[in-house]
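Welcome to this short tour. Please have the sequence and the 3D view ready, and follow along one stop at a time.

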Number of protein chains: 2
Amino acid sequence: MKTLPKPQSGAGAAPAVPLTAEELQLASRNHAMPLEMLAVDRTPAGMHYLLIHFDVPVIDAGAWRLRIGGAVRHPLEFTLAQLQAREQRTLAVTLECAGNGRSMLEPRPVSQPWIHGGIGTADWTGTPLAALLEEAGVEAAAVDIVFTGADRGVQGGEEQDYARSLTVSEAMSPDVLLAYAMNGAPLPPQHGFPVRLVVPGWYGMASVKWLTGIEAVTAPFTGFQQMAFYRYQASADDPGEPVTRIRVRSLMVPPGIPDFFTRDRLVESGPVLLRGRAWSGRAPIRQVQVAVDGVWSDAQLDPPDGEFAWRGWSFRWQAEPGRHELMCRAMDAIGQIQPLEPEWNVQGMGNNAVQKVRVTARP
Amino acid sequence: MKTLPKPQSGAGAAPAVPLTAEELQLASRNHAMPLEMLAVDRTPAGMHYLLIHFDVPVIDAGAWRLRIGGAVRHPLEFTLAQLQAREQRTLAVTLECAGNGRSMLEPRPVSQPWIHGGIGTADWTGTPLAALLEEAGVEAAAVDIVFTGADRGVQGGEEQDYARSLTVSEAMSPDVLLAYAMNGAPLPPQHGFPVRLVVPGWYGMASVKWLTGIEAVTAPFTGFQQMAFYRYQASADDPGEPVTRIRVRSLMVPPGIPDFFTRDRLVESGPVLLRGRAWSGRAPIRQVQVAVDGVWSDAQLDPPDGEFAWRGWSFRWQAEPGRHELMCRAMDAIGQIQPLEPEWNVQGMGNNAVQKVRVTARP
């Protein structure tokens, strides 16, 4: 790292250690939402974050079927048209990758090296899962519902279709959708065409894309993505706690204009309206604060935008000429608050530490 | 219990030196096309590559105007509806970032660290620029036409709107479009909504997004993106040659299934159909070859897909059990051929060296 040209002023979001070639490959494939897109309520499909473990499958919607089986009294099979003919519901949902913020941990867990952009908010349209499970008649002995996607590959030395589970009661939540549209259009291939799960409030790993099967099982699901990955591990031999709902977080639309390379910001001094979004998968947002050079003040909250979408906020900053560091942090209604420094864990999951934005105000 | 994957064997596309935090920020913002998308003729909007120097501007299409001025007899101004009411033309065009492949150069130029994915092919619909320039009456003294976008920022210490020029004769080509649709839908914000330039055959920097102004000038344009960046420089004090048309290149759909972390591929031994795409901005594709463990054979070309889109190819590989290295290379009708090793230049432009894909065939 020391052989490379010095960062002109160092990036605020600097990973502490250099990246491997493998991480660059992952960063290149797994798209982040550019933070200026925080300015719009609904993230356009091509700007929404993507975390794709294996390859994007190319699926023929006509031949596609969704099978619901396992410990159910009436195994079911649906075509896309049959799902689309059922009760339709649209929810605005903020999705965030569980590994968002990973590259800011130290030591840095080596995987998809997210900075801040593993997020997005879309209108997801589909049919509630609960009614299908009721129709299938989940047996009393079932404990988990396993969702399997069409994307296949090797992770941790294990060949697998991407699969995750919810408990039966989690799966029966009225808000869990089998979604076939995003922002009013059919799902793009990379977002799970033709049908994906959307689990509002949860980190994105629960919202299995390219769904092919739903299976009720009578013993807890132990698949790789459930038991080995997506865990809060304190050390490598700690089995860890499962990653579930999204931790409280806020981000700021980077003010002014960027430097191409450092992404540092330049504004005119004087009044600057700072805007951003805040969200929590556990409770409504209660408060957002903004710090200018370490001094915290309350931001103004926009009206809420449904139960599962991020909430806008704004703050009027009187920018004095010179260099500044801006931060924002949110608190939710159950009192969770973003930490100032990251809380480390082995896999780099759930880092909701406050964002720092470097801004120069021109005289 | 699996813990974090160790870099197993280094990726085929390994950058020679570690990345800076700034490059990670750029890799995260500037989306690559995942290579499995080579399987489809037209790249969906969210999978097409993006290189955005500054921020994605959010533009009100109703208030937007395109001004054509400078050394013209009749300065013109158009609304979006007025442009859409003119002659409409759709072209399938492969666009590639001039810096595609940069991270594989050694020493590695420090900028957006593309591996292979700075590409995409879309149907672009718009109105030919030539007719508008004729209507405006470009004066005989004009030498360049300057295209300015709404994205503004600082690069190389210079504050600027992104701007590039073409010579008058290049701009008068019947294939240059003012495009307002991509794959049959309005441009997404990140692809230049509401109107962008599309210059078929040229590297992507020429196809200015978020167009606001077109100006005929009587002295050669010397803007940053024309004279300082997008140059083939042999050394830092070499003014260099301008980057213009796309060099011949081919890429392969990665066969089989990937490893999450290394992206190395796993196939069953036996017959494997390799597929890919080849393109050149200078002439039609004449030949594609595939190498299996260093032995080259001819691939089969699909029919051409218009003058400006990539051309499909395929190759039947009989995979023996074990580890293999696959490569592909293309030659165009004027005899340009991809080099086996990258040709270095200061900015890391136009690296069209052959792709290497590591595959393990299972017994």
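## A pair of strands in chain B

Let's start with strand β5 (residues 144-155) of chain B, which is joined to β6(B) by nine bridges, the two running antiparallel. Here two strands count as paired if DSSP finds at least two bridges between them. Helices (H or I, at least four residues) and strands (E, at least two) are DSSP runs, numbered from the N terminus. Within this pair, B:V146 sits opposite B:S165 of β6(B). Strands of a sheet pair through backbone hydrogen bonds, either parallel or antiparallel.

A word on the ground rules: this is a predicted model, in which local features need pLDDT of at least 70 and side-chain atom pairs count only at pLDDT 80 or more, while totals for chains, interfaces and linings use all residues. Residues are numbered from 1 along each chain as its sequence is written, chains are lettered from A and ligands numbered from 1 in the order in which they are written, and side-chain values use heavy atoms, with hydrogens and water left out.

## The whole sheet

Now zoom out. The order β2-β1-β10-β5-β6 describes an open sheet of five strands in chain B, and its pairing is mixed. At the edges stand β2 (76-78) and β6 (158-167) of chain B; each has a single partner strand, so one side of each has no neighbour in the sheet. From one strand to the next, the twist averages 25°.

Helix α3 (residues 129-136) of chain B packs on this sheet, where it touches β1 (66-70), β2, β5 and β10 (211-217) of chain B. Contact means heavy atoms within 4.5 Å. The direction of α3 makes about 140° with that of β2(B); axes are lines fitted to C-alpha atoms, for helices over the stretch in contact, and angles run from 0 to 180 degrees between N-to-C directions.

## Where two helices meet

Helix α1 (residues 21-29) of chain A packs against helix α1 (residues 21-29) of chain B at an angle of about 35°, and their axes are 7 Å apart. Which residues make the contact? From α1(A) come A:L24, A:A27 and A:S28, and from α1(B) come B:L24, B:A27 and B:S28. Four of these contact residues are nonpolar, two are polar and none is charged. In this count, Ala, Val, Leu, Ile, Met, Phe, Trp, Tyr, Cys and Pro are nonpolar, Asp, Glu, Lys and Arg are charged, and the others, Gly among them, are polar.

## Buried residues in chain A

Is A:R265 buried or exposed? A:R265 has 5% relative accessibility, so it counts as buried (buried means under 20% relative accessible area, exposed over 50%, partly exposed in between, with a 1.4 Å probe and protein chains only). A:R265 lies in strand β15 (residues 265-268) of chain A. Leaving out residues up to four places away in sequence, its contacts include A:P254, A:V357 and B:D55.

A:M182, in strand β7 (residues 177-182) of chain A, is buried too, with a relative accessible area of 3%. Among the residues that A:M182 touches, again not counting those up to four places away in sequence, are A:H48, A:W124 and A:H191.

Chain B has a cis peptide bond from B:E106 to B:P107, with omega near -5°. B:P107 belongs to the loop between β3 (89-96) and β4 (119-128) of chain B. Another cis peptide bond joins B:F193 and B:P194, with omega about 5°.

Finally, look at A:Y230: although not a glycine, this residue has a positive phi of about 60°. In chain B, phi of B:Y230 is near 55°.
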